[in-house]
Amino acid sequence: MITRDNIVELFGAAEIHVSMADLKDGEPLAMQGLDSLDMANLLFQIEQKFGLTISPNDASRLRTVQDMVDYVGSKRH
Amino acid sequence: MKTGIRIATIGTYIPRTRVPNAELAPGLEIQPAFLENKIGVRQRAVKDATERTSDLCQKAFESLLQRRHVDLAAVRLVCVVTQNPDCRIPHTAAIVHRKLGAGKQCATFDISQGCAGYVHGVAIASAFLQSLGEGDGLLFTCDPYSVIVDPKDRGTALIFGDAATVTYLSRKEPGYTVVDSDFGTVPESTECLFDDGRRLHMDGRQVFSNAAREVPESIRRILGRNELTNDDVDQFLLHPGSKYIVDFLRGALGLDHTKVPFGIEDYGNTVSSSIPLMLEGCLTLHKYPRIVSSGFGVGFSWGTNLVEWRT
């Protein structure tokens with residue numbers, strides 16, 4: 001079971017500094033201060049952590065924390 | 001690969017014209033902090049519209065002549081690393097050969113490689129010269145991306161700069177010799193960087209992901225094979241694709257800031273010329289016995305060389 005915390009803990013590895021208290025799971029991360037390189041690094045951390053290769057098409061759809069939780073969960077079943 | 005061929009001298013040419021990024025960033029919706037801290041390029045060197053790749057190579061050669069004597073009769077190889085040739089036929093190395101007035105007993109060929117091109121070029125040219133058994137070589141790099149970058153593309157418009165370099169490869173003089181190399185290409189990754197005939201396309205996320213995964217592994221492999229640690233290497237010349245990727249790789253490898261130069265703030269990412277531009281500084285300083293250089297990008301390919309100073 002992949003949880004929100006499994007994703008959020010990767011923000012530190014990607015050196016993304018946002019207020020975790022204010023982080024909204026359903027809101028695009030680009031609207032919460034993350035730039036394109038933050039997103040690239042976060043998706044790389046997800047690939048490394050969960051042993052995945054995220055395709056360009058899939059990457060373009062992973063915009064929120066919830067998207068990432070759902071995506072990783074679907075790939076691990 | 002121990003050939004005995006040495007990187008003896010490097011000539012460089014960076015066009016004087018600079019385009020400041022700060023003026024263009026707002027129109028591309030790029031924040032000043034992102035430009036400064038993540039792209040790391042304040043201004044880009046841009047060639048004159050009439051200059052072609054062979055012209056820039058010729059100017060790099062003129063710079064080489066200011067640093068050393070070149071006996072063209074001893075030059076048995078003119079090689080140009082470029083993916084932006086003057087034309088499809090003939091190869092740009094033949095055009096450069098003509099412009100230099102080099103001799104008949106001189107091989108010419110291009111190497112089509114991108115940001116890993118210099119690392120490939122040094123390994124290939126060194127082995128080629130070794131097989132010849134005599135003579136020296138000139139290894140050029142030049143990829144003027146100002147021709148292929150779309151100035152409205154926020155992913156590429158503020159990164160690349162134009163430049164050319166030429167490396168004098170000698171079999172007798174002191175210099176850096178290739179001790180070991182590591183090369184590779186990620187399967188099914190060609191679309192992360194490509195030119196559709198009209199402009200350059202870059203999937204920055206894929207480029208980052210491939211570099212973050214492959215480059216540290218490549219460097220660890222080459223260090224491991226040679227029973228070296230980070231402490232045994234004096235400089236790590238990591239292709240400065242952007243400040244962000246260099247910072248990431250430095251952190252992933254646990255390298256000290258002082259061992260990883262960046263230095264492209266005032267001219268940009270010059271693709272195949274980026275590593276020789278940094279290496280030229282090392283040659284001038286004469287204080288780094290052992291260097292690892294790693295280039296990565298188009299392909300997605302990477303190349304890592306371990307070089308050591310030989311007298």
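Predicted model: local features only at pLDDT ≥ 70, side-chain atom pairs only at ≥ 80, totals over all residues.
Residues are numbered from 1 along each chain as its sequence is written, chains are lettered from A in the order in which they are written, and side-chain values use heavy atoms, with hydrogens and water left out.

**View 1. The interface of chain B and chain A.** Chain A contributes 16 residues and chain B 11 residues to the contact (heavy atoms within 4.5 Å). About 1,100 Å² is buried between the two chains, 59% of it from carbon and sulfur atoms; this area is the accessible area (1.4 Å probe) lost on putting the two parts together, summed over both. On the chain B side, Phe34(B), Arg205(B) and Tyr244(B) lose the most area, together 48% of what that side buries.

**View 2. Salt bridges between chain B and chain A.** There are 3 salt bridges between the chains, each defined by a side-chain nitrogen of Lys or Arg within 4 Å of a carboxyl oxygen of Asp or Glu. One of them pairs Glu47(A) with Arg205(B), with the closest N and O atoms 3.4 Å apart.

**View 3. The fold of chain A.** Chain A has 5 helices and 0 strands (DSSP runs: H or I of at least four residues for helices, E of at least two for strands). Buried residues make up 47% of its 77 residues, buried meaning under 20% relative accessible area with a 1.4 Å probe, protein chains only.

How values were computed:
Buried < 20%, exposed > 50% of the residue type's maximum accessible area, 1.4 Å probe, protein only.
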